[in-house]
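Hi there,

Here is the structure I promised to pass on to you. Please have a look at it first, and then read my notes below.

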Amino acid sequence: VNVVTSSWTVQAPDRLTYRIAGGASAVVIGKRRWDKGPGLPWKESSQQPLQQPIPPWVRVTDAHVVGKTTVGRRPARVVTFFDPNVPAWFRLVVDRETDRTLDLRMVATAHFMHDRLHSFDSVPPIRPPAAG
């Protein structure tokens, strides 16, 4: 089984950064991006701006609230649905008060994903990487 662990930070309207454990990193701000491979310097390039945040699904069908749970003492709903465009099944845990997704699981052919979402509105701004 191959497992890839990554950490993402996303900020509206057009910023994101990610780090893959033992692998690549990137910073995207508007029309610019910086990529870094393990042991390599940052490389700047241009790109089309990304609208953030954006969910990993395209279309929702067969959606159901299938249960209740708690996450960090917060009441939450468990929601499932199918996206025929991916195609994949999704299972979300959604905070009942804020409607924020706290946990996301996706199952597609030969692709399984588990995201834990947290630290809403509490991370420092995404900036270009330091030179050098």
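The 18 positive and 11 negative charges of the chain have mean positions 4 Å apart. For that count, Lys and Arg are positive and Asp and Glu negative, while His and the chain ends are not counted; the place of a charge is NZ of Lys, CZ of Arg, CG of Asp or CD of Glu.

A word on the source. This is a predicted model, in which local features need pLDDT of at least 70 and side-chain atom pairs count only at pLDDT 80 or more, whereas totals for chains, interfaces and linings use all residues. Residues are numbered from 1 along each chain as its sequence is written, and side-chain values use heavy atoms, with hydrogens and water left out.

Now the fold. The chain has zero helices and ten strands, which gives the pattern β-β-β-β-β-β-β-β-β-β along the sequence. Both kinds of element are DSSP runs numbered from the N terminus (helices: H or I, at least four residues; strands: E, at least two). The C-alpha trace spans about 50 × 35 × 30 Å along its principal axes. Of the contacts with a separation of 6 or more, 23% are between residues 24 or more positions apart, a contact being heavy atoms within 4.5 Å.

As for the surface, the chain exposes about 9,400 Å², and 54% of that comes from carbon and sulfur atoms. Accessible areas are from the Shrake-Rupley method with a 1.4 Å probe; for residues, only the protein chains shown count as cover. Of the 132 residues, 27% are buried (buried is under 20% relative accessible area, exposed over 50%, partly exposed in between; 1.4 Å probe, protein chains only).

Which residues have their side chains in salt bridges? The whole structure holds six such bridges, each defined as a side-chain nitrogen of Lys or Arg within 4 Å of a carboxyl oxygen of Asp or Glu. One of them joins Asp-95 and Arg-74, at 2.4 Å from N to O. This pair links distant parts of the chain, with Asp-95 in strand S8 (residues 88-95) and Arg-74 in strand S7 (residues 74-83), 21 residues apart. Asp-95 counts as buried because its relative accessibility is 2%, while Arg-74, at 32%, is partly exposed.

Arg-74 also meets Glu-97 in a salt bridge, at 3.8 Å from N to O. Because Arg-74 is in strand S7 and Glu-97 in the loop between S8 and S9, the pair ties together parts 23 residues apart in sequence. Glu-97 is exposed, with a relative accessible area of 67%.

Another bridge is between Arg-100 and Asp-121, at 2.7 Å from N to O. Arg-100 lies in the loop between S8 and S9 and Asp-121 in the segment after strand S10 (111-116), so parts 21 residues apart in sequence are tied together. Arg-100 is partly exposed at 32% relative accessibility, whereas Asp-121 is exposed at 75%.

Finally, Trp-89, Val-107 and Phe-112 form a nonpolar surface patch with about 340 Å² of accessible area together. Patches take residues with over 30% relative accessible area and no salt bridge, joining like charges within 9 Å and nonpolar side chains (Val, Leu, Ile, Met, Phe, Trp, Tyr) within 5 Å. Val-107, from strand S9 (residues 101-108), is partly exposed at 43% relative accessibility.

Best wishes
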